[in-house]
Amino acid sequence: MKLSIIIATHARPDSLARLIASLKPQLPLARSELIVAENGTPAPTQLADADAVTAHLHDPRPGKCRVQNLAIKRASGDVLIFLDDDLVVTNDYVDQAERFF
């Protein structure tokens, strides 16, 4: 089973960096992908852990749903997980998600 983790973000680069850092050690690349879905900013945010991100989608227009729909189209996972940029996940979050599904 492959997980697609989609992070919705808007103008919170520090929060986004913390969330990606909490996910990065948990991502088995063959079984997961990390998609950043950013909207409402003039340019994409520079990602500190860009190597952990499979795709960084950007839409300068406001509208979280619009960019999340783009991420859904881009996702290749069997299970889609949606997170907001103001979270930090526990160190076993991805394992627990896999176990649940």
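Let's start with Ser4: its relative accessibility is 0%, so Ser4 counts as buried (under 20% relative accessible area; exposed is over 50%, partly exposed in between, with a 1.4 Å probe and protein chains only). This is a predicted model, where local features need pLDDT of at least 70, side-chain atom pairs count only at pLDDT 80 or more, and totals for chains, interfaces and linings use all residues. Residues are numbered from 1 along each chain as its sequence is written, and side-chain values use heavy atoms, leaving out hydrogens and water.

**Around Ser4**
- You'll find Ser4 in strand β1 (strands are DSSP E runs of at least two residues, helices H or I runs of at least four, numbered from the N terminus).
- Leaving aside residues up to four places away in sequence, Ser4 touches several residues, including Glu33, Ala75 and Leu80 (contact means heavy atoms within 4.5 Å).

**Helix α3**
- Val94, Ala97 and Glu98 are the buried residues of α3, which spans residues 93-100.
- Looking down the axis of α3, those buried residues fall within an arc of 100° (using directions from the helix axis to the C-beta atoms), so they line one face of the helix.
- Over on the other side of α3, Arg99 and Phe100 are exposed.
- The cover over the buried residues of α3 includes β1, α1 and β4.

**Salt bridges**
- There are 8 salt bridges in the structure (a side-chain nitrogen of Lys or Arg within 4 Å of a carboxyl oxygen of Asp or Glu).
- One of them joins Arg31 and Glu98, at 3.1 Å from N to O.
- That pair links distant parts of the chain, 67 residues apart.
- Glu98 is buried at 15% relative accessible area, while Arg31 is partly exposed at 38% relative accessibility.
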